[in-house]
Amino acid sequence: MQASQTPIWSPSAERLAGSHLTAFARLAETAWNKPLPDYRSLWQASITDPALFWSLVWDYCGVIGDKGGVALENGENMLAARFFPEARLNFAENLLRRDDDTLAVVFRGEDKLEQKYSWRELNQQVSRLQQAMHAAGIQAGDRVAGFMPNMPATLMAMLAASSLGAVWTSGSPDFGLDGALDRFGQTEPKILFCPDGYWYNGKAVDIRAKMIALAEQLPSVERIIVAPYLSEDGAAFAAEVPKAQTWGAFIAGFEARAVEYVRLPFNHPLYILYSSGTTGKPKCIVHGAGGTLLQHLKEHQLHSDVHQGDHLFYFTTCGWMMWNWLVTGLASGAALMLFDGSPFADEGRVLWDYAAEHGFTHFGTSAKYIDSLKKTAVVPARDWKLPHLRALMSTGSPLVAESYDWVYQNIKADINLASVSGGTDIVSCFALGAATLPVYRGELQCRGLGMAVHIYDELGRPLWEEKGELVCVKPFPSMPIGFWNDPDGEKYRQAYFGRFPNIWCHGDYAEITAHDGVIIYGRSDAVLNPGGVRIGTAEIYRQVETFQEVLESLAVGQLWQDDERVVLFVKLRDGVKLDEALIAKIKTQIKNGASPRHVPARIIAVPDIPRTVSGKIVELAVKNVIHGRPVSNVSALANPEALKLFENLRELSE
């Protein structure tokens, strides 16, 4: 992509003067005893001396806890590095730092339901939940799970769990049964929170059968807590699900009092997030409390310019790391604007009604949403007053240059459009926005402070203004503390450090531009990415394998209309025809067993599927063929002639 030479937006002098980043730079100049006149010089200082940088972030953002005397040990070794090894803190204590009657949380379930909580009310709910969890035997290190919408009850359950040092893990209730079992079956939660259903596109969705099956097939779960959403109390739902009780029954008998916090080491496990499941069951990625907190504080305050009293919104489910990113906004004093349901409910007006009525300062979404919004009659700049909106954030997939134009013409002219990129692996960003920098079409504004991000070629040589592998060459606090059930750490090492020794290789195909921005061209591996949602092929194959008619299948992502769509190739039994009825059956199975996002846009029958001599199917080779790219290492294939079956397919041009 040719880098734009003229900014499409630049911050005003007033915005520059009032930004966190400007104030932090002055603090950094004093600490380093040298001038840091621009972002590039501050970034360079932050990666040259990460110990001092992260110590300054701790101080500037006011982390609650004992910092200890050491900021970083073994800093030259990515795997052995430890940030703040003497520190003690509690994640929930840092989020619940206020206890007054000002607004902390707003929630909308499409246009069906609105809830509001003050900081005091939020503290009271967390206190009662904490006591109930403690009485239920929850201790530090136990897992507590949410199969939940993005609603206040989910936030409260996470805060109560982390106040005790328990590990929170979550998924979205639109996951299929297999998707939920593949995740929670590995992490073995003691308590599972769920709703009594949820709204999607104006319709109530019943999850009773799925929850009954989960209750029966997750032996670690001792009790299921039903948060009311569709009904007043969830009692009828709870009565049908084994081991279930209502939210009200769970906290009954516990009066609100000051929340008690267990202060634990910096790397004490906070979250377990899940990979996409490309090569089998999803990897369970464990993130520490201190690293998650510190990285999010940096990204919220220094990059996103979140101030106390701001209204922070990100459209996300609880199965995406952006939920974890969003909720840390409490630690910066922001009020969280939560939403569950379809972003296109009420003819696409639902989010913008919400933004206007509650004065969003930050609106986070996906590139796919912006692309879809362009194709509707919704024009936010024309139809709503958005005087408080300062930043629009986009992630999930690359935001194309034309979408930058559309945002500034149709949402707001004076806005920091921050495309961001990172992932579940780091529960944060490698490249993102900064309120003090100009915006160039098609570019992420900068590499994150403290993130030694570079682009390497296949031989590990640095590139500039050329496409290559996005790598990080120095440790950072939000690196995972490991994978669950990976006692010797080998899976973790291979996932990120297997390609370049002592260097994190992220699997993004990217470029650093002339003005030090970043362009992400997509994933460099076989993970499917429709609408910015990372999908593992193994999760699709698992559903297709239930069909006797299908011998084998292969799924790839096809670049299509500024996005990626899932294409499923199937090898059928002799005498079986891929008719509309079979296509419908396959799509329904994938939707119900995995999720609606896994459903392929095209299903195509092929006589054979290429594989390696060791029997592995080769998604990347097929992906290259359908895009007209050369295939390397054909000699590794047992049946290389099968690749020709995927050339110039008519079905892929429509």
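Which helix holds I586? That is the starting point for these close-ups of a predicted model, where local features need pLDDT of at least 70, side-chain atom pairs count only at pLDDT 80 or more, and totals for chains, interfaces and linings use all residues. Residues are numbered from 1 along each chain as its sequence is written, and side-chain values use heavy atoms, with hydrogens and water left out.

**View 1. I586 in helix α20.** I586 belongs to α20, residues 580-593; helices here are DSSP runs of H or I with at least four residues, strands are E runs of at least two, and both are numbered from the N terminus. With a relative accessible area of 0%, I586 is buried (buried means under 20%, exposed over 50%, partly exposed in between, using a 1.4 Å probe and protein chains only). Once neighbours within four places in sequence are set aside, I586 is in contact with V544, F547, V550, L568, L578 and I603, contact meaning heavy atoms within 4.5 Å. For a sense of scale, Q125 sits 461 residues away along the chain, and its C-alpha atom is 44 Å from that of I586.

**View 2. Q558 and its partners.** Look for Q558 in strand β31, residues 550-560. Q558 counts as buried, at 6% relative accessibility. Its side chain and that of R565 are joined by a polar contact of 2.8 Å. (A polar contact is a pair of N or O atoms within 3.5 Å; within protein, one must be able to donate a hydrogen and the other to accept it, and residues adjacent in sequence count only if both atoms are side-chain atoms.) Beyond its neighbours within four places in sequence, Q558 is in contact with D563, E564, R565, V567, I626, H627 and L652.

**View 3. E564 with K623.** One of the contacts of Q558, E564, forms a salt bridge with K623, and the closest N and O atoms are 3.5 Å apart. A salt bridge here is a side-chain nitrogen of Lys or Arg within 4 Å of a carboxyl oxygen of Asp or Glu. E564 lies in strand β32 (residues 563-572) and K623 in helix α21 (residues 619-626), so this pair ties together parts 59 residues apart in sequence. Both ends are tucked away: E564 is buried at a relative accessible area of 11%, and K623 is buried at 11% too.

**View 4. R263 with E93.** The whole structure has 26 salt bridges, and in this one the side chains of R263 and E93 meet at 2.9 Å, N to O. R263 is in the loop between α11 (247-251) and β14 (264-265), while E93 is in helix α5 (residues 91-95), so the pair ties together parts that are 170 residues apart in sequence. R263 is partly exposed, with a relative accessible area of 31%, whereas E93 counts as buried at 14%.

**View 5. R120 with D101.** Here the salt bridge between R120 and D101 has its closest N and O atoms 2.5 Å apart. R120 lies in helix α6 (residues 119-135) and D101 in the loop between α5 and β5 (103-109), so parts 19 residues apart in sequence are tied together. R120 counts as partly exposed at 31% relative accessibility, and D101 is exposed at 60%.

**View 6. A salt-bridge network.** R108, E114, K116 and E357 are linked in a network of salt bridges.

**View 7. D486, buried without a salt bridge.** D486 is found in the loop between β28 (482-483) and α18 (490-497). It is buried but has no salt bridge, and the nearest side chain of opposite charge, K491, is 5.7 Å away (Lys and Arg count as positive, Asp and Glu as negative; His and the chain ends are not counted). Instead, the side chain of D486 reaches the backbone nitrogen of K491 at 3.2 Å. Neighbours within four places in sequence aside, D486 is in contact with K491 and Y492.

**View 8. Helix α3 and its surroundings.** Helix α3 (residues 39-48) is mostly covered, with seven of its 10 residues buried. Those are Y39, S41, L42, W43, A45, S46 and I47. They pack against α2 (20-32), α4 (50-61), α12 (289-303), β24 (446-447) and β25 (453-456).
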